[in-house]
There are 2 protein chains.
Amino acid sequence: MSTGFDPKRVTSPREARLAMRRGEWTGPTNFMVPGYVQCNLVVLPKADAYDFLVYCQRNPRPCPVIEVTDPGDPEPRLCAPGADLRTDLARYAVYRDGVCVEEVTDITSLWREDSVAFLIGSSLTFDAALIRAGVPLERGVWVLDTAIPTVPAGCFAGPLVVTMRLMTPAQAIIATQLTTRFPFNHGAPVHVGEPALIGADLEHTIFGPPVPSIPEGLMPVFWACGVTPQRVAMASKLPFMITHRSGHAFITDLKADQFCTP
Amino acid sequence: MSTGFDPKRVTSPREARLAMRRGEWTGPTNFMVPGYVQCNLVVLPKADAYDFLVYCQRNPRPCPVIEVTDPGDPEPRLCAPGADLRTDLARYAVYRDGVCVEEVTDITSLWREDSVAFLIGSSLTFDAALIRAGVPLERGVWVLDTAIPTVPAGCFAGPLVVTMRLMTPAQAIIATQLTTRFPFNHGAPVHVGEPALIGADLEHTIFGPPVPSIPEGLMPVFWACGVTPQRVAMASKLPFMITHRSGHAFITDLKADQFCTP
């Protein structure tokens, strides 16, 4: 993390992206410029792009594709004109043969003429809307594996990854109503209540603190998570892939409240 | 059209598909098995499939992709297991170099090992829901060209095609609320009121009767139309493409009311 820079004082997506481009901010983007659509990033060679896009199409809840760039073009011309996907995220993870070999803050030297970037809607987008609606999230957001299979395409296959949030039953209803309005950012929950029914792995969280025993009066609510396509791409052991680092998303110019009913 | 077969008495999508497979029904599918998602069909060689899928991703309102089949596989395994896209539509249009060269009721002999089928949500899906909500459609549904450009991808580019329906202002509000619930079948209207503002071509309808002068008290409401990707593919003069014939859609097993918030 850098010093002397307050991510909560950023007032526009462009300002946030430029701070990350200049290396002034290398931390997570949750709650940075609330109200704008945030995206997970997956960069693949063109040769792997068709199967991956079909995989996303077959699994729209975990993989809502917001934009696909033309091969070699690092600018997401539709959702953030002028941005550069090689520099405008805080941290990237570089995978070779399915293994993360390094984390970097700039991928300019790794970008290729056949690189295609996929921007995939993140639930970071609706967290701000949940808080506005009075659904507190300070209890935590956990990223968990499940036993639910996704629909395969080409070499891409694997289980659904979910985010889990703890809330009261009344809040669960509000959260269902509200996230239904964001079909391109995972939409409504995939499950509510008993984690075992979807095989949610509470023992080995992918991201987030250890899962506490669930306090009386609260229930877990589960959403499809944009980490799914990353995990699936990792499992397929592709020779070369770049992603954002978990929690360090790309911030688009799309207003979440406008984008909810495209 | 065949005789001795009443499309309104069909009780399941499978029954409707089998009737079309056997050639017992070769007419349009509007109002056939209401309540199930109906789809437009585009069949392309694999070599053209990536650019077309990216085109659809960039234009989700006219081109909501419900399913992409694996190359050579005529079965839409997700939305209608057991169906055969070579036989289970009533009528197909065959294009060579962008020109419709024939209309057929079976494409088995034209299907290739590299054929990929795209099923794209049709507004036929929400027409039944509009009628249930008291929005009458007997005034007609017109398919019109507009001056709104779509976002190009590869060789695919062209203007948005819309459907137009005439309704009272109160019905326009209900129709907006209701179709918002079907984001994967074109979603909310793209325009309401003055046709000239979107360059809607009332003189040369693509489909539907001549447009009457708009009766007092009614207003036109416009939705993105699944004919758009077909017209765009035609304009790109692809060597080989097969589509459904306009109005003769593929009927899936997806319940429209379940699919509205995937």
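# Notebook: a predicted two-chain model

**Entry 1, a threonine in chain B.** I started with B:T163, which counts as buried at a relative accessibility of 3%. This is a predicted model, so I keep that in mind for everything below. I looked up where the residue sits: B:T163 belongs to strand β7 of chain B, which covers residues 159-167. What does the side chain of B:T163 make a polar contact with? I found the side chain of B:R165, at 2.8 Å. Then I asked for contacts beyond four places in sequence, and the list for B:T163 holds B:S123, B:V141, B:W142, B:V143, B:V221, B:F222, B:W223 and B:C225.

I laid chain B on chain A and got an RMSD of 0.0 Å, with a turn of 180 degrees and a shift of 0.0 Å along the axis. That is how a two-fold axis relates copies. Which C-alpha of chain B is nearest the axis? I noted B:Y50, whose C-alpha is 2.8 Å from the axis.

I next checked where the chains meet. I counted 22 residues of chain B in contact with 22 residues of chain A. The area buried between chain B and chain A comes to about 2100 Å², and carbon and sulfur atoms give 66% of that. Do the copies meet through the same surface or different ones? Here 100% of the interface residues of chain B are also interface residues in chain A, so I wrote down the same surface.

On the side of chain B that touches chain A, α2 (46-58) and β2 (65-68) of chain B each supply at least two residues. Helix α2(B) gives the most to that side, with 7 residues.

I turned to α2 of chain A, residues 46-58. The helix has 13 residues and reaches 19 Å from first C-alpha to last, close to the 18 Å expected at 1.5 Å a residue. Is α2(A) largely enclosed or largely open? I found 10 of its 13 residues buried, so α2(A) is largely enclosed by the rest of the structure. Among the buried ones are A:Y50, A:F52, A:L53 and A:R58.

I looked at α1(A), residues 13-21, and listed its buried residues as A:P13, A:A16, A:R17, A:L18, A:A19 and A:M20. Their cover includes β1 (36-45) and β11 (250-255) of chain A. Just after this helix, I noted that A:G23 takes a positive phi of about 80 degrees.

My last stop was A:P62, in the loop between α2 and β2 (65-68) of chain A. With 6% relative accessibility, A:P62 counts as buried, the cut-off being under 20%. How many residues separate A:P62 and A:L160 in sequence? I got 98, while their C-alpha atoms are 7.4 Å apart in space. Leaving out residues up to four places away, A:P62 touches A:I120, A:L160, A:H186, A:A224, A:C225, A:G226, A:T228 and A:P229.

Definitions and conventions. Residues numbered from 1 in each chain as written. Chains lettered and ligands numbered in written order. Predicted model: local features only at pLDDT ≥ 70, side-chain atom pairs only at ≥ 80, totals over all residues. Heavy atoms only, no water. Least-squares fit on C-alpha atoms with pLDDT ≥ 70 in both. Contact = heavy atoms within 4.5 Å. Helix = DSSP H or I, 4+ residues; strand = E, 2+ residues; numbered from the N terminus. Buried < 20%, exposed > 50% of the residue type's maximum accessible area, 1.4 Å probe, protein only. Polar contact = N/O pair within 3.5 Å; in protein donor to acceptor, adjacent residues only side chain to side chain. Expected span 1.5 Å × (residues − 1). Buried area = accessible area lost by both parts, 1.4 Å probe.
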